[in-house]
Amino acid sequence: MKKFPIAFAAAVSGFFLVYAAIYIGGILSALAIPNQYFSWFGKQHVTLALSILEMSTFALPIFFFSSAWTISTTLVLRRAHTITPLACLCGFVISWPIWSSYFGFSAQDIFSTSNNPLSILNSFAAPGGILFAAFS
């Protein structure tokens with residue numbers, strides 16, 4: 001019972017991590033990519049160019065941001081146990097449906113791989129960062 005306030009605070013932190021990741025993701029999505037980037041890959045490798053672009057400008061920064069957020073939450077709460085990052089992950093998972101219903105997304109929209117089959121990694125960047133911080 002002593003760990004409940006810590007777990008609750010970590011869950012609230014995970015809840016707010018979604019909104020911070022959405023804000024950061026919006027900024028990263030607005031980066032202008034020159035046309036020469038895609039022409040360098042050629043028309044036959046546009047999917048590869050898009051995959052590399054999404055990984056380097058969205059998935060990896062969100063992964064590292066969520067890892068840093070989780071580590072800072074663990075340091076602020078002064079608990080090195082895995083309960084803090086896992087509670088942060090629970091808060092993240094709880095707030096995801098709230099966020100998606102607020103903006104009108106469905107699970108199909110979140111996990112859509114219409115143009116790029118590797119774009120599903122963008123959906124798992126933040127939870128992956130939390131789990132990385134939990135077990136590192």
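1. From the N terminus on, the elements of the protein chain run α-α-α-α-α-α-α. There are seven helices and zero strands. Helices here are DSSP runs of H or I with at least four residues, strands are runs of E with at least two, and both are numbered from the N terminus.

2. The model is predicted: local features need pLDDT of at least 70, side-chain atom pairs count only at pLDDT 80 or more, and totals for chains, interfaces and linings use all residues. Residues are numbered from 1 along each chain as its sequence is written, and side-chain values use heavy atoms, with hydrogens and water left out.

3. Of the 136 residues in the protein chain, 34% count as buried. Buried means under 20% relative accessible area, exposed means over 50%, and partly exposed lies in between (1.4 Å probe, protein chains only). The chain exposes about 8500 Å², and carbon and sulfur atoms supply 72% of that area. Such areas come from the Shrake-Rupley method with a 1.4 Å probe; for residues, only the protein chains shown count as cover.

4. Among contacts between residues at least 6 apart in sequence, 77% join residues at least 24 apart. A contact means heavy atoms within 4.5 Å.

5. Helix 1 (residues 4-29) and helix 3 (residues 46-76) pack at an angle of about 150 degrees, with their axes 10 Å apart. The axes are lines fitted to C-alpha atoms, for helices over the stretch in contact, and angles run from 0 to 180 degrees between N-to-C directions. Helix 1 and helix 3 are therefore roughly antiparallel. Angles under 35 degrees count as roughly parallel, over 145 as roughly antiparallel, 65 to 115 as roughly perpendicular, and the rest as oblique. The crossing of helix 1 with helix 3 is right-handed: a crossing is right-handed if the near helix is turned clockwise from the far one by less than a right angle, and left-handed if anticlockwise.

6. Which residues make this contact? Those of helix 1 include Phe16, Leu17 and Ile24, and those of helix 3 include Phe58, Phe65 and Trp69. By class, the contact of helix 1 with helix 3 has twelve nonpolar, six polar and no charged residues. Ala, Val, Leu, Ile, Met, Phe, Trp, Tyr, Cys and Pro count as nonpolar, Asp, Glu, Lys and Arg as charged, and the others, Gly among them, as polar.

7. Helix 3 also packs against helix 7, at an angle of about 40 degrees and with axes 7 Å apart. That makes helix 3 oblique to helix 7. Their crossing is right-handed. The contact of helix 3 with helix 7 divides into nine nonpolar, five polar and no charged residues.

8. Helix 7 (residues 125-134) is mostly covered, with seven of its ten residues buried. Among them are Pro127, Gly129 and Ile130. On the helix 3 side, serine 67 is buried, with a relative accessible area of 5%. Leaving out residues up to four places away in sequence, serine 67 touches Gly129, Phe132 and Ala133.

9. Two further residues can be looked up. Tryptophan 96, in helix 4 (residues 83-103), is partly exposed, with a relative accessible area of 24%. Its C-alpha atom is separated by 7.0 Å from that of valine 18, 78 residues apart along the chain. Alanine 30 is in the loop between helix 1 and helix 2 (35-41). Is alanine 30 buried or exposed? Alanine 30 is exposed, at 62% relative accessible area.
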